[in-house]
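I opened my notebook and went through this structure one topic at a time. Here are my entries, in the order I made them.

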Amino acid sequence: MAEDLTIITGNKTEQYKSLIPQIKGLLEGETDLIANLANITAALKEQFNWLWVGFYLVKKDELVLGPFQGPVACTRIKKGRGVCGTSWEKEETLIVPDVDKFPGHIACNSTSKSEIVVPVIRNNVVVAVLDADSSETDQFDPTDQRYLEEIVNLIPF
Ligand code: SME
């Protein structure tokens, strides 16, 4: 497996379409969950250069910080708390154009302005969430939702 990622310019759809086959390549033949989550966050960070991107894993009654790229972050989030805990509770992707307008948003980093959280669902149960944060408002849209949902569905949990 080649470890070098090809980073492209272009619109969001073009960027995801270039990245997804490369993520498939990174996951191929690897069954270790942490290794796979780590490489996915690195690939997303390299391509999109978001402020923060990472996974929180469901452990008992809370989300616990998993592999991520970006500044240090909160380690534990309760169900229903913040954008991540709300996405877990509702079992749906949440796009937050302005985090200051999301009641209960957890500010792990004061420079985060917009956010998307995608639940990872296996056998109808949320097992993790993928969280991406941008230092600019209004950075995430249904294109990100579509492709990030596709990416999390590739993960062999
Ligand atoms: N903002 C998130 C917390 C996680 S950090 O952004 C990395 C939330 O409200 O759930």
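This is a predicted model: local features need pLDDT of at least 70, side-chain atom pairs count only at pLDDT 80 or more; totals for chains, interfaces and linings use all residues.

**Entry: the disulfide**

Is the link of C74 and C108 left-handed or right-handed? I looked up the angle about the S-S bond and got -125°, which is the value of a left-handed link.

I then counted the disulfides and noted one in the structure. The sulfur atoms of C74 and C108 are 2.0 Å apart in it. Next I asked where the two cysteines sit.

I checked how open the two ends are. C74 has 21% relative accessibility and counts as partly exposed. C108, at 33%, counts as partly exposed too.

**Entry: aromatic rings**

How many aromatic pairs does a search of the whole structure find? I noted six. I describe such a pair by the distance of the ring centres and the angle of the planes.

I took Y16 and Y147 to begin with. Their ring centres are 5.2 Å apart and their planes lie at 15°, so I wrote the pair down as stacked. Y16 belongs to helix α1 (residues 12–27) and Y147 to helix α4, so to speak distant parts of the chain, 131 residues apart. Y16 is buried at 0% relative accessibility, and Y147 is buried with a relative accessible area of 4%.

I went on to W50 and F140. Here the centres are 5.4 Å apart and the planes at 65°, so this pair is edge-to-face. W50 lies in the loop between α2 (33–48) and β1 (52–59), and F140 in the loop between β6 and α4, so the pair ties together parts 90 residues apart in sequence. W50 counts as buried at 8% relative accessibility, and F140 is buried with a relative accessible area of 4%.

Which residues form one aromatic cluster? I listed Y16, F48, W50, F140 and Y147.

The largest nonpolar core has 28 residues, and L44, W50 and L148 have the most contacts inside it. I asked which elements give two or more residues to this core, and the list is α1, α2, β1, β5, β6 and α4. The most comes from α1, which gives six residues.

Leaving aside neighbours within four places in sequence, L148 is in contact with Y16, L44, W50, I116, V118 and L130. I also found a second, separate core of 16 residues, which includes L63, A73, L94 and V126.

**Entry: helix α1**

I gave helix α1 an entry of its own. It has 16 residues and reaches 22 Å from its first C-alpha to its last, close to the 22 Å expected at 1.5 Å a residue. Its buried residues are Q15, Y16, S18, L19, I20, Q22, I23, L26 and L27. What do the buried residues of α1 pack against? I noted α2 and α4.

N11 caps the N-terminal end of α1, with a side-chain oxygen 3.1 Å from the backbone nitrogen of T13. Just after α1, G29 takes a positive phi of about 75°.

Which loop holds E91? I found E91 in the loop between α3 (82–90) and β4. Its phi is near 55°, a positive value in a residue other than glycine, and at 44% relative accessibility E91 counts as partly exposed.

D138 is not a glycine either, yet has a positive phi of about 60°. I placed D138 in the loop between β6 (125–134) and α4 (142–153). D138 is exposed, with a relative accessible area of 55%.

How values were computed. Residues are numbered from 1 along each chain as its sequence is written. Side-chain values use heavy atoms; hydrogens and water are left out. A disulfide is a pair of cysteine sulfur atoms within 2.5 Å. Buried means under 20% relative accessible area, exposed over 50%, partly exposed in between (1.4 Å probe, protein chains only). Helices (H or I, at least four residues) and strands (E, at least two) are DSSP runs, numbered from the N terminus. Rings of Phe, Tyr and Trp (its six-membered ring) pair if their centres lie within 6.5 Å; planes under 30 degrees apart count as stacked, over 60 as edge-to-face and the rest as tilted. A nonpolar core is a set of buried Ala, Val, Leu, Ile, Met, Phe, Trp, Tyr and Cys residues joined through side-chain atoms within 4.5 Å. Contact means heavy atoms within 4.5 Å. The expected span of a helix is 1.5 Å times one less than its number of residues. A polar contact is a pair of N or O atoms within 3.5 Å; within protein, one must be able to donate a hydrogen and the other to accept it, and residues adjacent in sequence count only if both atoms are side-chain atoms.
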